[in-house]
Structures are given as structure tokens and as C-alpha cells.
Amino acid sequence: MEKVTVDPAKSIPAFYAGQSILLTGATGFLGKVFIEKVLRSCPDVREIFLLMRPKKGLSINERLEKILNLPLYEKLLKEQPSNFEKLIPISGDVSEKELGLPVADRQMLIERVTIIIHAAGDVKFNNSLKYAIFANTRATRDICILAQRMKNLIALVYVSTAFAHVNEPIIEEKVYPPVADWQKMIEIAELLDEHTLNVFTAKYLDYIPNTYIFSKNLAESVIQKYSSSLPCAIVRPSIVTITEKEPMPGWIDNVYGPIGLFIGGGKGIIRVGYLNKTVNEDVIPVDIVIKAIIVTSWKLGLTTYDHQLIYACIFNYSTVFVVNSTSQKYVTYQNCIELLYSISNELPLEGTIWTPHTILTDNFVLFYVLTILLHILPAILIDLILKFSGRRPMLVRLQRKLFVVSRAISYFSFRKWKYSNTNRSTLISLIPPENLDMFSFDYSYLDIREFGKYGIIGVKKFLLHEDINQLDAVRTHGRR
């Protein structure tokens with residue numbers, strides 16, 4: 001029977017059929033969800049090369065095997081188990097020069113890769129400037145240098161952050177001038193030792209709050225520079241959180257900033273929060289971001305295929321196509337916290353040490369005083385009890401960490417940004433009608449309470465490994 005050829009312009013899965021993708025950041029939150037979505041929804045993709053490094057005594061193959069055992073992949077394992085064979089781990093490290101790629105692997109990528117999704121990076125706010133520049137800025141340059149040598153490249157999508165330009169009140173879908181010269185910053189990071197660079201960090205950062213945002217800001221300019229010879233796009237997600245529905249609602253696998261603070265609040269450990277109650281929390285489900293990346297790559301690839309100006313006219317861009325992937329459902333920090341506490345009355349976390357309640361303040365002196373009274377002093381008392389009962393004290397150390405996280409996140413809760421979404425809307429409108437169910441990243445229909453409920457279930461199930469069927473016992477403990 002003759003196989004019917006589908007026009008890639010009219011079908012996203014048809015476009016991805018036969019494509020060879022290089023994914024950096026494969027072991028990260030976004031990377032894992034990207035792997036699952038592409039293998040399940042674009043089943044005829046040729047292969048996905050996964051840039052990974054050995055870690056904690058595990059080889060890259062062992063790391064991949066461990067990842068594929070996650071509940072995230074159960075649906076794919078059930079429906080299309082053979083597609084796992086399309087995953088090819090490649091040894092590399094984005095913090096090393098030239099991505100730490102062996103010569104043979106580099107050559108294989110040059111010969112076969114057609115699409116690059118550069119999602120890797122250092123996401124810690126407080127890492128050294130040297131490491132952030134290496135992992136976020138230099139790695140992006142080295143990806144572009146590698147991309148220039150690729151024989152059949154049709155798309156390079158860089159995953160940035162919606163907070164890369166914090167001094168702009170309205171963030172348009174374009175590349176802005178960088179805060180510093182990225183080439184000089186890479187040279188300085190390579191030349192100076194860690195200690196000397198740390199001394200100058202505040203001067204280099206200028207108005208930018210941390211090394212993460214600084215290095216991501218520079219990385220966007222790297223993409224802009226190489227876009228004259230490469231088909232490039234930038235996707236800027238805001239705070240990426242649990243899955244909305246694919247492959248299951250509420251999946252999450254890491255305790256990053258806001259999730260860590262929610263767990264602390266839900267267990268009664270966090271009693272005071274330093275933030276502006278009226279500012280909107282800009283969060284976006286991870287599966288929505290992944291669909292935005294897939295669709296952006298599709299349109300970019302079609303543009304490269306056709307070598308026509310029509311798509312450039314549609315997108316109104318010169319070299320880099322930028323998509324702001326930000327919230328479509330705005331909720332203030334206060335309303336969000338109240339909603340989560342309301343839901344956690346129905347679905348309480350196990351092992352609470354105090355009735356969940358958080359005092360919110362935008363006064364730093366009051367925040368500091370209440371932190372001493374409600375966080376540090378009770379933590380010292382509980383640690384003493386733990387010590388005398390022969391157990392390891394840990395609460396003071398935990399409260400120190402939570403204080404640092406709270407201060408880092410507070411920067412974003414005191415500022416309001418507006419985001420242009422023309423390109424996002426255009427992209428959604430261009431998705432072929434038969435692909436809308438599978439690839440639309442419009443979620444304006446979202447029920448916030450339902451989403452929050454799945455979020456708490458996800459935290460209990462996937463992060464804290466709690467038994468959802470034991471809720472009566474947990475509620476009894478909570479009342480006590």
C-alpha cells in the first residue's frame with residue numbers, strides 16, 4: 001500500500017517526521033517534558049540526541065534509564081514503547097568549553113542534526129558569575145558555533161526567560177541591547193579566577209538582580225549575533241510550573257523556588273512572606289511552554305525550507321523570532337496563596353508542624369522581625385528537642401535556606417512587567433486545525449482552582465511521595 005505524504009506546512013507531526021533533534025538540558029524539567037511530548041505526538045521523528053553529563057556515579061546511559069522510569073513516561077511506555085529507542089544520549093557539559101563534546105560525537109551531530117533546542121543552563125540565582133557565564137552565555141555561543149557547521153540545520157530555538165530584561169516595564173517580542181558586551185564577559189570569565197570575579201560581580205551586574213538573569217540577558221545577544229547566518233528563535237517562559245494536562249495534570253519533579261516556599265507554607269514551617277500582595281504571579285504550565293517551543297521550531301523550519309520572505313512578513317521580524325511564553329491567567333500573590341491554603345485544607349500535606357498560615361508583608365523590617373520570632377526561634381527550639389532525642393537537628397539550616405530563597409524571589413514580587421504577545425497569538429492562529437488539540441498553547445480557558453488542586457496532588461505524589469489515599473489520617477493530624 002502506498003504511503004500518503006502529508007504537507008509539513010499543514011501538519012506539525014508530518015514536519016517532525018524524519019527530523020534529527022539535538023536537545024540540551026535533557027535532564028532538566030523542561031527537557032524531560034519535551035522528550036515525552038515529541039516522542040508521543042510526533043512519533044515519526046528520526047532521533048533525539050540528548051546532551052548529558054555523567055553525575056553521581058551514573059553514566060549518561062544509566063541517567064537516561066533512570067529518567068525514563070519516571071511516572072511522566074508511563075503513557076508513552078504504554079502506547080509507543082519502541083519510540084524510546086530514538087533517544088541517543090551524548091556525553092557533554094554546557095559549563096565546559098565547546099560543550100565538552102568528544103570529536104566523534106561532534107562530527108555525528110554535524111552530519112545528522114536538523115533542529116536544535118537549546119534548553120540547558122544554570123538556573124540557580126546565586127551561582128558564581130564565572131559558572132553562570134560559562135553555562136548560560138558561553139554555552140549558547142558554542143551551540144551557535146556548532147550549529148554553523150551543521151549541514152542540514154533548519155531551526156535553532158533558544159529557551160531564555162521572560163525576566164531577561166528586568167529594566168523594561170513592557171517586554172516586547174524582540175531582542176534588546178545587552179547589559180554588557182557578551183564577548184568581553186566570556187573572555188573575563190575565562191581569564192579571571194573565581195575570587196577576583198566575585199569581587200567585581202556587583203559592578204558587572206549593574207541593575208540586574210542575579211547572575212542567572214545577567215547571563216541569560218547576554219545569551220539572547222549571542223543568538224542575535226549568530227542569527228545572521230542561522231535560523232534562530234527565542235522562547236521566553238516566565239515561572240515554569242506543573243503540567244496543565246499532558247501527559248497528566250500536575251506532574252512536577254523539582255523543588256524550585258515557589259514550589260519550595262509552598263511546601264514550607266503547607267507544612268507550617270513558613271509563617272511570614274516578603275512580597276507585594278497586589279502583584280500578579282506570572283506562572284506558566286510546563287507542557288504549555290513545550291508546545292510553544294515545538295510550534296516555534298515548526299514555523300522556523302518551514303521558513304528555512306522555503307527560503308521565502310512570506311513568513312518573515314507574517315512574523316514581522318528581521319533576524320530573530322521571539323515568543324513571550326507568559327501567563328494568560330493572572331492571579332495576585334495574595335490570592336494565589338489564599339487559594340492554595342484553601343485547597344490544602346481539602347488536601348493537606350503530611351507532617352505539618354504548625355497550622356498552615358502565612359503573614360504577607362512588603363515591609364522588610366517587619367519581615368525580618370517576624371522571621372526571627374516565627375521562623376528562627378521556633379526552629380532553634382525544635383532543633384534542641386531533636387538533638388536531645390538523638391535525632392539530627394535540621395530546621396535552623398532549612399529556615400536559613402528558605403530565607404535566602406524568599407529574598408531572591410521577592411525581587412520579582414515587587415515589580416510589574418507587561419508582555420507583548422503578538423507573536424504568540426500569531427503562532428497559535430497558524431497551527432493547522434487538525435493539530436490544535438495536540439499543539440495549541442492557548443490556555444486562557446484554565447480553571448485556576450482546578451489547576452491549583454492538581455498542583456497540590458502533584459507535589460504530594462511526585463515530590464513528597466505521599467499516599468493520596470491516607471488523607472483522613474493527615475486531616476486528623478492537622479486538626480491535632
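Predicted model: local features only at pLDDT ≥ 70, side-chain atom pairs only at ≥ 80, totals over all residues.
Residues are numbered from 1 along each chain as its sequence is written, and side-chain values use heavy atoms, with hydrogens and water left out.

Helix α3 spans residues 60-68 and contains E65; helices (H or I, at least four residues) and strands (E, at least two) are DSSP runs numbered from the N terminus. E65 counts as exposed because its relative accessibility is 52%. The buried residues of α3 are I60, R63, L64, I67 and L68. Viewed down the helix axis, these buried residues fall within an arc of 130 degrees, and therefore line one face of α3; the arc is that of the directions from the helix axis to the C-beta atoms. They pack against α2 (29-41), β2 (47-52) and β3, where contact means heavy atoms within 4.5 Å.

An open sheet is formed by 7 strands with parallel pairing, in the order β3-β2-β1-β4-β5-β7-β12; two strands pair if DSSP finds at least two bridges between them. At the edges, β3 (87-91) and β12 (320-325) each pair on one side only. Within the sheet, β1 (residues 20-24) pairs with β4 (residues 115-118) in the parallel sense over 4 bridges, and L23 has I117 of β4 as its bridge partner.

Notes: Buried < 20%, exposed > 50% of the residue type's maximum accessible area, 1.4 Å probe, protein only.
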